[in-house]
Amino acid sequence: MKRNLYLYFACLIGLSAASPVRAQQAWFQLDTLTPVIRNAVPLQNPWAGGLNAGQFSTMDLNKDGVPDLVVFDRTTNRVSTFVGDAATKTYRHAPYFETLFPSMENWMLLVDFDADGQKELFTHTPQGIRVYKQTTTATNWTWKLHKPLLNSYGFSGPLNLLVVATDIPALIDVDDDGDMDIVTFEILGNFAEMHQNMSMERYGVPDSLEFVRNGLCWGNFVKEHCNDFSLGVDCGSLENLKDPLPNGRIMHAGNSILLQDLNGDGKKDMLMGHVTCDNVARLVNTGTNRVASFTSFDINFPAKDPINFTIFPAVYAEDVDFDGKKDLLAAPNVYTNEGNLMDFRASAWYYHNAGTENLPEYVLRQKDFLQDQMIDVGENAAPSFFDIDGDGDQDMLVGTGGVRGATGFRGSLLLFRNVGTAQEPRFEWVNDEYLDFSKSIQLTQVKPQWADFDGDGVADLGFAGISFQGLEYRYLPNRAPQGAAVRVTMSEAVVVRLPAGVQASDSPYFYDTDQDGDLDLIVGKAQGNIEYYLNTGTVRQPVFDLQTESLAQVRSNFAGRFVSISVADMDLDGRPDLLTADQTGMVRIFHSGAWGQWTRRDSLLVGFGTNTLAPKLGAYLHATTADYSGDGKPDVAVGTYGGGVRLLRNILPVSITSVEPSPAATLVVYPNPARNYVQIRSRQEAFLDIFTSDGRLMKENLQLKSTTELSLEVSKWTPGLYIFRARYPDRQESHKVMVE
């Protein structure tokens, strides 16, 4: 076979910079359908990406009249969307709708402020609150910026209505006049403020967002620290607020607010979380709604199975079980796992409302709402793929940031075994402690990678992790022969000495870039640039020589910090490409060129119908490549800070076909595809190297003679794409072969 299997591939997908076709071609499709089984039960949404600090709202995403669920995660600044099924009382992950949401930070709530039946989006801006409205077309909807900043008229005139980034405000019709008011805490976090919407007073309809602060404070209480409420303060709120209010000013330490009638007296009580508290406090309103007076409080709500999140809980009232009554959802309102004290595997508490809308009775149903139906390993999931059990398909190993146990906060490795086939994967969640990892070694932020670290032609298990000394790297030698079940033990771990400049938050990745038989080093830096080190030593005694601090011309940049790296022949042109994921939440591919000299960078990678988009998968991503779908094309898996995994299945319009060898070819490799044996012959003497599709060297320096045909048994090889490279005195020739 003289030519590559993908002859004219560049023409098919438009790899040249001038081609207009490339911009239209999707590389991937978000995979939500590959099954994952846990305890013999299929997960509903295995690839939804995990959750840490969810903020819960409902809206009708698909316009079928059934409320769906939208979750914004403060730790990742990521939106997750789930379509509701009232008949089965379940939610199905629907990632397309996530692409319709704007970029946001800190908090997001959906509220129908103008009573038109459609929710509007309220979110944080450094100056206060930004508002988006739904814009509906015949076939779709999207968000349109409605108010870049909300103002409120206070004692010093109109100023921005400030909600500090750490807070969750209450967006609700406080005074029951038909328009949406806002209650939030002032900048020091001691007094609640009620910003009364004057839309009904001025226009008789609720479609305006014009606010006046009512009183010095609201609710007649003051607080400073956790649960230290002082009641009976005169806030000076008015039942008949004049427009505008004279004589004063608009004025944070961290507060979350939910207003709801909790005792059936028609008055809105307050549920409040504080940044220094692990509990949610209930304040009882004995005044009116417009001029509230909280005269008593209790600090553990609900009384039975009270909310407890170690630090800063927040609560949300939404009907999530389709019975028409708002339930209670609680989650930590944090940016990170401060002190590593929280278990992000169970950070979404769902309380069913067994009472009525105005007299709720909250009953704890589960602490892992939505999380129990997805892969959620806590935080900082890092997937990798390899045929671990030697049955011919790709299994998945996932590293974790850590979970607190008897020996402290430690990372681990979780095994997901493919119990399907190479072409139809079906993963079973079989082991939360592969190799008893966390019991054997004290590391956090564990990131595995399969590569041939010791040069014996068999992939070993490498892993990065953080200890009290900083970033460390080790590998476990694989003692099994090629194609057999992996044999590794923690007691044989070998330390890989990283260059002195590699920092704790960097992401090291090993790959033989110059194809000389040893592994070189690419480092995604916390500052956003990419360092490239060439191994000028040997396989077992590497010496990493810095070649560039800005591989692919990716330099330090704030938006793209914490970059992770993977290498594979993504466009199937026979040359390794670079895949990155960074703090923007986007995955990018550098391709079309020799190593380090790529001429193209693509980020519009994922197809949704006729559109090609760049979905934002959240902050602190870890990307890897593998042909988990068994079609010979590299797919992508992205681990998230939320503790989950997102799959991107390669849908480039190419296929492997059997090609008869040409008698005139210098190098002939057949049959293709192959099952048991591959025959290789060459018209000239050469040395043959064989690589996996991700660049791992399997065999090297096999001698080809012009008078003899070489036969290789491949029946035990992992099914997938392999590259056969013949080295002649004056050139090289590479062929791709599919092993089934």
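Select Lys-736 first. In this predicted model, Lys-736 is buried, at 3% relative accessibility.

Arg-588 counts as buried at 14% relative accessibility, and Asp-582 is buried at 6%.

Is Glu-210 buried or partly exposed? Glu-210 is partly exposed, with a relative accessible area of 24%, and Arg-202 is partly exposed as well, at 33%.

Next, select Asp-175, Asp-177, Glu-201 and Arg-290 together. Salt bridges link these residues in a network. Across the structure there are 26 salt bridges.

Now colour the chain by domain. Domain 1 covers 51-373, domain 2 covers 382-650 and domain 3 covers 667-739. The centres of domain 1 and domain 2, taken over C-alpha atoms, lie 39 Å apart. Where the two meet, 18 residues of domain 1 are in contact with 14 residues of domain 2. About 1400 Å² is buried between them, and carbon and sulfur atoms give 54% of that area.

How many salt bridges does the rule find across the interface of domain 1 and domain 2? It finds one. Another pair to select is Arg-646 and Glu-98, which form a salt bridge with their closest N and O atoms 3.3 Å apart.

Move to Tyr-91, in strand S7 (residues 90-93). Tyr-91 is buried, with a relative accessible area of 6%. Show Gln-44 too: it is 47 residues from Tyr-91 in sequence, yet their C-alpha atoms are 7.9 Å apart in space.

The next stop is the largest nonpolar core, which has 35 residues. In soluble globular proteins, nonpolar side chains tend to be buried together. Select Phe-56, Phe-122, Ile-129, Leu-150, Met-180, Phe-369 and Leu-370, the members that touch the most others. Strands S5 (68-73), S8 (108-111), S10 (128-136), S24 (313-318) and S25 (327-332) each give two or more residues to this core. Then centre the view on Ile-129. Leaving out residues up to four places away in sequence, Ile-129 touches, among others, Trp-107, Phe-122, Leu-150, Leu-161, Val-163 and Ile-182.

Finish by colouring the chain by pLDDT. The mean is 89, and 93% of the residues reach 70 or more. Residues 1-23 fall below 50, and this stretch has 60 contacts in the model beyond near neighbours in sequence. Residues 246-252 are also below 50, with 25 such contacts. Where pLDDT is low, the predicted coordinates should not be read in detail.

How values were computed: Residues numbered from 1 in each chain as written. Predicted model: local features only at pLDDT ≥ 70, side-chain atom pairs only at ≥ 80, totals over all residues. Heavy atoms only, no water. pLDDT = per-residue confidence, 0-100. Contact = heavy atoms within 4.5 Å. Core = buried A, V, L, I, M, F, W, Y, C linked by side-chain atoms within 4.5 Å. Buried < 20%, exposed > 50% of the residue type's maximum accessible area, 1.4 Å probe, protein only. Helix = DSSP H or I, 4+ residues; strand = E, 2+ residues; numbered from the N terminus. Domains from an automatic or database assignment. Buried area = accessible area lost by both parts, 1.4 Å probe. Salt bridge = Lys/Arg side-chain N within 4 Å of Asp/Glu carboxyl O.
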